[in-house]
Amino acid sequence: MNLLDGKLVSAKIKEDIKQEAAAFLAETGRKPHLVAILVGNDGASETYVASKMRNCELVGFESTNIHFDTSISEGELLAKINELNADGGVDGLIVQLPLPKHIDPERVTEAIDYRKDVDGFHPVNLGRMQRNLPCFIPATPYGILLMLAHYGIDTSGMHAVVVGRSNIVGSPMSILLARNSNPGNCTVTLTHSRTRNVKEEVLRADIIVAAIGKKHFITADMVKEGAIVIDVGINREMSDRTKSGYKLYGDVDFEQVAPKSSWITPVPGGVGLMTIVGLLKNTLEAAKGSIY
Ligand code: GUN
């Protein structure tokens with residue numbers, strides 16, 4: 001078993017980003033600028049956004065967190081997005097999901113200028129990604145690709161099984177792994193809540209991406225000997241509050257599965273840290289205008 005060490009890889013890539021941000025500042029007189037909009041008081045979302053802001057500061061980006069009360073109307077939120085779209089001092093713009101029920105996430109996603117959509121959720125970026133054209137790739141799948149690339153893992157010809165079809169992780173991950181590129185070139189199975197026999201599908205996998213949001217969903221009996229295991233789960237157990245926050249559990253039962261795997265990501269210390277790296281890289285590229 002080898003560890004895919006998010007702590008080590010993210011620290012290394014963040015150091016590169018920091019140098020590029022410094023060069024950008026020297027050249028343009030300004031820092032790459034990410035704006036994150038948060039609506040309401042979801043505890044996990046607040047933690048994620050705070051971490052994004054903190055990491056921006058760490059690499060020398062400017063960051064702004066705009067926090068709205070749950071009562072904001074969809075129209076008011078869309079007006080703010082339009083204002084930020086038009087603001088030349090803003091490079092990247094993200095709206096943290098989930099949103100309150102009275103706001104349509106699709107309308108919000110499409111309102112963001114795709115050239116500032118560093119989450120890679122806009123249909124223009126999604127379509128360009130599928131065509132293997134320059135685009136913003138969603139942060140978590142991007143981070144996973146960077147991790148695989150860092151360790152020089154050649155996924156060509158592998159059977160990949162992605163568990164979970166979310167817009168944020170599972171669905172884009174399945175597209176990326178099937179693309180004609182490396183990491184990529186996989187034969188991909190995308191499983192979800194209506195899949196008849198998930199265990200049977202996962203057992204076929206050379207590479208498993210677990211993104212269902214259920215603690216220890218992937219158990220040892222579902223994993224082929226020598227498989228690569230990527231755990232996207234960040235499940236918080238409310239009963240396990242520690243001094244520094246909540247205890248986190250992956251979608252994979254690490255203790256059981258690790259001995260069978262060739263490579264595996266820990267939780268915490270794996271994909272979560274790489275997600276931040278994906279977002280930072282997208283923000284830097286937005287500032288430099290290297291994609292659009
Ligand atoms: N909610 C969970 N993950 C994400 C993410 O990567 N971006 C945004 N905007 N919301 C999220």
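Me: Which residues touch the most other members of the largest nonpolar core?

Reply: Please keep in mind that this is a predicted model, in which local features need pLDDT of at least 70, side-chain atom pairs count only at pLDDT 80 or more, and totals for chains, interfaces and linings use all residues. Residues are numbered from 1 along each chain as its sequence is written. A nonpolar core is a set of buried Ala, Val, Leu, Ile, Met, Phe, Trp, Tyr and Cys residues joined through C-beta atoms within 7 Å, where buried requires 20 or more other C-beta atoms within 10 Å of the residue's own, with C-beta atoms placed from the backbone. Here the largest such core has 79 residues, and Ala160, Ile208, Val209 and Ala210 touch the most other members. Its largest share, 10 residues, comes from helix 10 (residues 271-288), helices being DSSP runs of H or I with at least four residues, numbered from the N terminus.

Me: Which residues are around the ligand?

Reply: A residue counts as near a molecule if its C-beta atom, placed from the backbone, lies within 6 Å of it. In this model the residues around the ligand are Ile94, Val95, Gln96, Leu97, Asp119, Ala139, Thr140 and Ile168.

Me: Which domains does the shell around the ligand draw on?

Reply: Domain bounds come from an automatic or database domain assignment, and the shell draws at least three residues from each of domain 1 (28-113) and domain 2 (139-274). The centres of domain 1 and domain 2, taken over C-alpha atoms, are separated by 27 Å.

Note on methods:
A residue is buried if 20 or more other C-beta atoms lie within 10 Å of its own, exposed if 12 or fewer, and partly exposed in between; C-beta atoms are placed from the backbone. Helices (H or I, at least four residues) and strands (E, at least two) are DSSP runs, numbered from the N terminus.
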